[in-house]
Amino acid sequence: MGEWLHSADRWLRGLIPVTVTVVFVFAGSLPWRLPGFDEVSPALAAMAIFYWTIYRPERLPYVATFAIGLLQDLLAGTPLGMTALVLLIVQGVVASQRTFFRGKPFLVVWWGFSLTMPAIGLLSWIIGSACFGTVIPLLPIMVQVGLTVLLFPVFVLFFRPLGALAAARPE
């Protein structure tokens, strides 16, 4: 019975990054009312993908990222596959730079995220404009990028203990 409990514990800990990211997709689909904008939400899923790809990549497989992106598209009403594609690109690029970010001070990681978010916004804008056949207003995307970059440190405070829990080995 002890072996079964250890296996279940390891399996549940392994689900933490995916589960947290899915919860963030649902939370990110809630509107944040800002003056002058109908709905602008921070890109919570992008924050999670960026963080988990650096610190727990073995716990966030590409197939999970794809499914998370599809879920976000369904909730947001964006073209199906658009967010999945963007998140997979982010995960691939961040994974290629993982060795650079590992062990660096948080300000270096935040700097990397602050460079990644405008690229995510631009890529989403290009794909969204192409899919909808019209130029999507850029200002809401710019506000989303800025809001996401500013909130990243707050969410990292939430991710860190969960990352430690996901990595912990049961005794």
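Q: Where does R56 lie?
A: R56 sits in the loop that joins α3 to α4, where helices are DSSP runs of H or I with at least four residues and strands runs of E with at least two, numbered from the N terminus. The model is a predicted one, in which local features need pLDDT of at least 70 and side-chain atom pairs 80 or more, whereas totals for chains, interfaces and linings use all residues. Residues are numbered from 1 along each chain as its sequence is written, and side-chain values use heavy atoms, leaving out hydrogens and water.

Q: And is R56 buried or exposed?
A: R56 counts as buried because its relative accessible area is 18% (buried is under 20%, exposed over 50%, partly exposed in between, with a 1.4 Å probe and protein chains only).

Q: How far is R56 from G14?
A: In sequence, R56 and G14 are 42 residues apart, while from C-alpha to C-alpha the separation in space is 9.3 Å.

Q: What about L30, then: buried or exposed?
A: L30 counts as exposed, since its relative accessibility is 51%, and this residue is found in the loop between α2 (16-28) and α3. L30 also has a C-alpha 9.5 Å from that of L75, although 45 residues separate L30 and L75 in sequence.

Q: Stepping back, what are the elements of the chain?
A: The protein chain has eight helices and zero strands, so that, from the N terminus on, the order reads α-α-α-α-α-α-α-α. Of its 171 residues, 40% count as buried. If you take contacts (heavy atoms within 4.5 Å) between residues at least 6 apart in sequence, 73% of them join residues at least 24 apart.

Q: Now the packing: how do α2 and α3 cross?
A: The axes of α2 and α3 come within 8 Å of each other and cross at roughly 160°, and α2 and α3 are therefore roughly antiparallel. Axes here are lines fitted to C-alpha atoms, for helices over the stretch in contact, and angles between N-to-C directions run from 0 to 180 degrees; under 35 degrees counts as roughly parallel, over 145 as roughly antiparallel, 65 to 115 as roughly perpendicular and the rest as oblique.

Q: Which residues meet there?
A: On the α2 side they are P17, V20, T21, F24, V25, A27 and G28, and these meet L44, A45, A48, I49 and W52 of α3. The residues of this contact divide into 10 nonpolar, two polar and no charged (Ala, Val, Leu, Ile, Met, Phe, Trp, Tyr, Cys and Pro are nonpolar, Asp, Glu, Lys and Arg charged, and the others, Gly among them, polar).

Q: What is the angle between α3 and α5?
A: Helix α3 (residues 44-55) packs on helix α5 (residues 82-96) at about 30°, with 9 Å between the axes, which means that α3 is roughly parallel to α5. From α3, the residues A45, A46, I49, F50, T53 and I54 meet L87, V90, Q91, V94 and A95 of α5, and by class that contact has nine nonpolar, two polar and no charged residues.

Q: And how far apart are the axes of α4 and α5?
A: Those axes are 7 Å apart, with helix α4 (residues 62-76) and α5 packing at an angle of about 145°. In α4, the residues involved include Y62, F66 and D73, and those of α5 include M82, L87 and A95. By class, the contact of α4 with α5 has nine nonpolar, six polar and one charged residues.
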